[in-house]
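Here is a short report on one protein chain. Keep the sequence and the 3D view open as you read.

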Amino acid sequence: MTILQIRTVPDPILRRKSRKIREVDDAIRELAHDMVATMYEAGGVGLAAPQVGELKRLIVLQLPEEEEARILINPEITRRDGEREVEEGCLSVPGYLGTIMRSERVKARAISESGAKLRLVADQIFAQALEHEVDHLDGILYLDHLKSHEDLVDLSKLEEAEHQHDFEVEVEDEGLMKSRGEKRVLIAGDLTDGVADIKDEKILEATEKDLERLSEG
Ligand code: NI
């Protein structure tokens, strides 16, 4: 099996419509198995053929609770019920997560790799993945379902935001406790060239005194 190259935005192939597969032959099965290997390698839940540069209506899914990947040829969603908010990413949009609405439950039909007709009823992540991958076959990305750009998170910036401070120190000071009615004061900030830079504005006034005392002491 071959690990295929995953196309990422703004590759125009991701915006094109895929063609129906007329005959399930060995070439299609080989492509499907390469896609499964590529999906495993990338750690994805699903992959659609246009993401590996093939405008064919073929998707593969690996659901968390299932042992084997599903190969779905010419998948079609025939019914959608309910709505729920989900967090979604895409191997073709690396480094981002978005919050969008997806159906609660979908019904779909497809063809298996042996040519058998399949009828599917899906909810939860199965329904979400089906909608996401079938969208790919029509040149639709989850980005198109975002209501506002604020619903899109740049993960590299999130990591930066999560690392908020270089240090956090709890200070106990009797005088301060009485004046503020607090038992503890948290000093948080960053170290720039070894100099403490207090970032937490809310407690700045109180902590400056502490820092003075600490440096005197
Ligand atoms: Ni995707």
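## A tour of the chain

Gln 124 counts as partly exposed because it has 15 C-beta neighbours inside 10 Å. The cut-offs are these: a residue is buried if 20 or more other C-beta atoms lie within 10 Å of its own, exposed if 12 or fewer, and partly exposed in between, with C-beta atoms placed from the backbone. Gln 124 lies in helix α2. Its phi is positive, about 50°, although Gln 124 is not a glycine.

This is a predicted model: local features need pLDDT of at least 70, side-chain atom pairs count only at pLDDT 80 or more, and totals for chains, interfaces and linings use all residues. Residues are numbered from 1 along each chain as its sequence is written.

**Overall make-up.** The chain has 5 helices and 11 strands. Both are DSSP runs, numbered from the N terminus: helices are H or I with at least four residues, strands are E with at least two. Of the 217 residues, 26% count as buried. Two residues are in contact if their C-beta atoms, placed from the backbone, lie within 7 Å. Take the contacts between residues at least 6 apart in sequence: 59% of them join residues at least 24 apart.

**The core.** In soluble globular proteins, nonpolar side chains tend to be buried together. A nonpolar core here is a set of buried Ala, Val, Leu, Ile, Met, Phe, Trp, Tyr and Cys residues joined through C-beta atoms within 7 Å. The largest one has 29 residues. Ala 32, Met 35, Leu 58, Ile 59, Val 60, Ile 73 and Leu 130 touch the most other members. The largest share, 6 residues, comes from α2. Leaving out residues up to four places away in sequence, Ala 32 touches Leu 58, Val 60, Ile 71 and Glu 113.

**Strand pairs.** Two strands pair if DSSP finds at least two bridges between them.

| β3 and β6 | 6 bridges | Glu 76 and Arg 109 |

Is Ala 110 buried or exposed? Ala 110 counts as buried because it has 22 C-beta neighbours inside 10 Å. Its place is in strand β6. Neighbours within four places aside, Ala 110 is in contact with Leu 72, Ile 73, Asn 74, Pro 75, Leu 118 and Leu 120. Ala 110 and Asn 74 are 36 residues apart along the chain, yet their C-alpha atoms are separated by 5.4 Å. Asn 74 sits in strand β3. Asn 74 is partly exposed, with 19 other C-beta atoms within 10 Å. Its phi is near 50°, a positive value in a residue other than glycine.

**An open sheet.** Three strands form an open antiparallel sheet in the order β4-β5-β8. β4 (84-88) and β8 (152-154) stand at the edges with a single partner strand each, so one side of each has no neighbour in the sheet.

**A cis bond.** The peptide bond from Val 9 to Pro 10 is cis, with omega near 5°. Pro 10 belongs to the segment before α1.
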